[in-house]
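Please brief me on the pockets, the sheet pairing and the confidence of the model shown below.

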Amino acid sequence: MSEKSKWIYVPLNIDCGASDGYIDGLGMNWVGDGAYVQSGETHAAKNSESSTLYRTLRVFKSPKRNCYNIPGFQGIKVLLRAYFYYGNYDSNSFPPFFDLLLDDNKWLTVQTENYYGEIYEIIYVPQRRNISVCLAQTNPDHFPLISGLQVSGLDSNMYNQIDSSHALLFGQRYACGSSTRIRYPTDPYDRVWDTLSSNGLLSVPNSASSVDVNQTKDEVPPAVMSNAVVTFNTNYSFFVSTSSLPSAPKVPIYLNMYFTEVQDLNSSDLRRFNVMVDNEVIDVINPVYQTALETTYANITATSKTQIVLNATWDSTLPPIISGLELFTISDQLSNSTTNMTDVEGLASLQEGFPVLKEWSGDPCLPAQYPWDWVSCTDETTPRIVSLLLSGYNLSGLLPNFSSLDALQTL
């Protein structure tokens, strides 16, 4: 990690629904969410859950879309993680589903569970002053909720084989051969490296006292390289799981794999293996002792049925080996459209004058299916606000100056 970039990497950890901050068992600082959201109500989960993060949640019963606004990361590549735990807070045993939006792009549909938390992760470069994480109601009986948000700044050189107009949607991340999960503070970005075991694999420790990871652009933690898995012999292959991918159609993926030789080989031994996608060789790997090798494949499309395989070359005397892997789906192109800024300024004046309107946050017109309840917008790339629909909000007092809404037709 470069000295220049260390300051970026202190994660921002928001416990949604909590009023006070605390330090968790990993030594990470968590803060309440009051500074980042203007709406919703806090609740305590009823179902038992050991995680402090899952003991509280914020629920949104109106309006249709509610947003967290997180400043300070514009132009910085970030890892953003969102946590959801229903926990039967309302005693109805009715876990809701709803849409999750990021900077006015649909991220995914969240389906909560009664007894288990849901965690979603994305890597991207925010182009706006604030990161906007919004929860949108898609069914009148399902109230959106959230338990936590984490934002970690990444070095600009990390995960750089896609451009800033796309995002990486997390699928899986493994420390192969490790007996314990690896995360913060071992990984300062709090990437979560799960353990990987299989009946067809052997876990092997690295005999090297240290492994040089300085050549890995994505800064794999040395702890990931301290173990590996191998197949039983050269006749067995290592299969990369694609279970996190859709069954159809094919989607673009971003695959990182991390290799090192775990023993100082003698002259008669050779470890060399192919990386194959559906029986086509796309790379040949020859791992080196005491050095970490990272390979990235960002030009592949795949489904859950695609076979990504490591298998020994004809002349290899040793089976395939791997220490770590990460698999992402590459998003569609992200939209950075925003409502006309003079219109946004006019709405801000109204919200300042009438606090009841402050419940609405995020872009007022975008995405088009989730505008604020009290505005109507044009369907242009940069929407204009043409109507304000303020009946029923019991507004009283003097109207502030909102003359910057110069496309307004109806009040």
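The model is a predicted one, in which local features need pLDDT of at least 70 and side-chain atom pairs count only at pLDDT 80 or more, whereas totals for chains, interfaces and linings use all residues. Residues are numbered from 1 along each chain as its sequence is written, and side-chain values use heavy atoms, with hydrogens and water left out.

**Largest pocket**
- The largest pocket has a volume of about 880 Å³, where a pocket is an open set of points on a 1 Å grid over the protein atoms alone, each point fitting a 1.4 Å probe, with protein on both sides within 12 Å along at least five of seven lines; points are joined across faces, edges and corners, and the volume is the space filled by probe spheres set on them.
- Its lining comprises 32 residues, of which Arg-81, Tyr-83, Ile-119, Tyr-120 and Val-192 are the closest to the centre, lining residues being those with an atom within 4 Å of a point.
- Two or more lining residues come from each of strand S7 (78-84), strand S9 (105-111), strand S10 (118-124) and strand S14 (168-176).
- By class the lining holds 16 nonpolar, eight polar and eight charged residues (nonpolar: Ala, Val, Leu, Ile, Met, Phe, Trp, Tyr, Cys and Pro; charged: Asp, Glu, Lys and Arg; polar: the others, Gly among them).

**Open sheet**
- Four strands, in the order S18-S23-S20-S21, form an open sheet with antiparallel pairing, two strands being paired if DSSP finds at least two bridges between them.
- Strand S18 (238-240) and strand S21 (280-285) stand at the edges with a single partner strand each, so one side of each is left without a neighbour in the sheet.
- S18 pairs with strand S23 (residues 308-312) over three bridges, and Val-240 has Ile-308 in S23 as its bridge partner.

**Confidence**
- The protein chain has a mean pLDDT of 93, with 98% of its residues at 70 or more, pLDDT being the predictor's confidence in each residue, from 0 to 100.
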